[in-house]
Amino acid sequence: MLRIYNTLTKQKEIFEPLYPGKVGMYTCGPTVYGKIHIGNLRAYLLGDMIRRYFEYAGYEVRAIKNITDVGHLTDDDVAQGDSGDDKMIKQALKEHKTPQEIAQFYEEYFHVTEKQINILPAHYFPRATAHIPQMIKLIEELITKGHAYEKNGNVFLDVTTFPEYGRLSGNTLDKLKVGARLEEHPDKKNPWDFALWLKAPKNHLMKWESPWSLGYPGWHIECSAMSMEYLGDTFDIHTGGEDNIFPHHEAEIVQSEGVTEKPFARYWLHVRHLLADGVKMSKSKGNLYTLEDILDKGYSAMDVRFLLLSSHYRSQMNFTWEAMDQARSNRETLQNFHDRLTECHPEPVEGSFRSEQDASTTLGMTQDKISLDTEKYRADFDAALEEDFNTPQALTVLFDMTKNGNKLIDEDRLDNPTDVLKFLETSAAVLGLQWTKKEAIPEHIQKLAADREEARKQRNFARSDELREEIEKAGFSIEDTAQGAKLKRI
Ligand code: AMP
Ligand code: ZN
């Protein structure tokens with residue numbers, strides 16, 4: 001039974017899908033004016049992890065992640081969507097390119113990065129610029145229903161027509177009236193109203209015809225239009241970073257419910273920010289690390305994934321290089337265990353020939369052997385994820401098993417390596433962790449190792465030392481274990 005912390009109700013709730021066996025989810029995607037950083041990745045990883053969990057649990061998932069390529073203004077995150085410059089246009093002017101070129105470049109960068117860190121591609125990545133007619137339709141309906149008004153070619157949502165405004169973020173109207181950090185637009189009725197459509201100034205680079213003006217949409221209406229287009233009026237899960245809660249998601253709720261008069265997203269999940277030097281990692285603060293930056297220092301994308309999974313999505317996380325080192329070392333521990341299991345002789349495959357004598361020998365040998373209880377580990381792993389996607393706890397289960405499994409392998413007593421390997425691979429896949437493929441050892445090195453083994457059998461240690469040196473000179477190490485000599489690239 002899955003329990004999810006819902007930002008809307010501020011409590012953990014048992015997840016019930018809208019339609020049995022199906023999950024519809026929407027993730028606020030990137031504004032494609034810059035390289036995505038690992039803070040963004042923390043947010044996208046939540047979506048990926050949720051999707052992988054549901055697929056593992058047997059659901060059919062439809063995952064949508066939008067591409068914001070217009071209308072996100074520099075002040076949108078603090079004000080109400082009517083001040084500041086369009087982030088896309090600002091970047092285009094800076095790079096002497098068109099906004100379309102900027103969008104194309106950074107969208108591609110985003111897809112490449114997601115792939116590197118093994119985030120499953122959404123089933124659809126709708127672009128805001130391709131959904132202007134849907135946005136116009138929503139705005140028209142909001143005007144018809146008395147929730148929005150036009151002035152001088154600008155359209156604003158009248159927040160006072162929604163008594164429930166503030167349910168998600170706690171920024172209810174009475175609080176907003178006192179706080180008033182909001183910009184006064186001359187055409188607004190109330191300072192806390194927000195823009196749905198803005199008339200484009202002369203020479204504005206991105207603008208569309210509309211019933212009100214040649215203009216462009218507000219950032220918030222984009223996500224209402226795109227989520228409902230692909231998931232319906234009501235859908236299961238909406239995710240994003242905590243900065244999206246207000247004003248963005250609060251706005252999405254009233255825009256959508258104002259039109260449909262039905263509940264919008266049923267479960268809202270928000271990632272707490274990834275910090276760097278104690279403050280939110282962000283493009284505007286310039287304290288960001290891209291995945292590329294981290295790969296350049298010799299870490300792997302899976303080390304980063306490991307790092308991000310090692311803290312719960314609702315706890316704050318500070319990026320440090322020490323934490324990166326720890327993540328790499330933990331990942332290697334799992335990888336090594338995986339390698340050792342792969343090397344263990346697999347149990348006889350069903351139907352394979354075994355003589356009676358073989359069977360009795362095996363029986364005799366297995367007396368001291370011990371099986372790891374993979375069913376118990378699986379139950380613990382599932383329970384961790386079912387408790388609001390507790391990935392650090394799920395990893396703890398895998399490490400526990402690794403510790404016990406390594407000990408048994410050291411003693412040559414692990415009886416069910418195949419089962420353990422199967423469980424390890426299934427659970428790693430749920431977390432989206434990929435294994436490093438072991439490099440094939442060249443044949444001539446294998447031959448040297450076999451010769452060395454032979455020399456050792458004949459107690460010709462001078463010859464076996466010579467062969468070891470030769471192997472090492474060729475760039476490989478050789479280690480004698482209970483299962484025989486093991487070769488590795490140095
Ligand atoms: P943006 O491209 O700025 O609109 O951000 C895309 C997504 O990343 C949004 O869901 C943000 O909430 C999220 N995000 C941005 N910075 C961070 C951060 N430092 N930690 C976690 N999530 C973030
Ligand atoms: Zn959004």
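Trainee: Is Lys189 buried or exposed?

Mentor: Please keep in mind that this is a predicted model. Since the cut-off for exposed is over 50% relative accessible area, Lys189, with a relative accessible area of 55%, is exposed.

Trainee: With which residue does Lys189 form a salt bridge?

Mentor: Its partner is Asp158, and the closest N and O atoms of the two are 3.9 Å apart. Asp158 lies in the loop between β6 and α5, whereas Lys189 lies in the loop between α5 and β7, so the pair ties together parts that are 31 residues apart in sequence.

Trainee: How many residues apart are Arg340 and Asp410?

Mentor: Arg340 forms a salt bridge with Asp410, the closest N and O atoms being 2.8 Å apart. The two are 70 residues apart, with Arg340 in helix α10 and Asp410 in helix α13, and the pair therefore links distant parts of the chain. By contrast, Lys447 and Asp451, whose closest N and O atoms are 3.1 Å apart, are separated by about one helical turn because they are 4 residues apart in helix α15.

Trainee: And which strands lie at the edges of the open sheet of 3 strands?

Mentor: In general, strands of a sheet pair through backbone hydrogen bonds, either parallel or antiparallel. Here the order is β12-β11-β13, with mixed pairing, and the edge strands are β12 and β13, each of which pairs on one side only. Strands β11 and β12 run antiparallel and are joined by 2 bridges, with Ala276 standing opposite Val279.

Key
Residues are numbered from 1 along each chain as its sequence is written. Chains are lettered from A and ligands numbered from 1 in the order in which they are written. This is a predicted model: local features need pLDDT of at least 70, side-chain atom pairs count only at pLDDT 80 or more; totals for chains, interfaces and linings use all residues. Side-chain values use heavy atoms; hydrogens and water are left out. Two strands pair if DSSP finds at least two bridges between them. A salt bridge is a side-chain nitrogen of Lys or Arg within 4 Å of a carboxyl oxygen of Asp or Glu. Buried means under 20% relative accessible area, exposed over 50%, partly exposed in between (1.4 Å probe, protein chains only).
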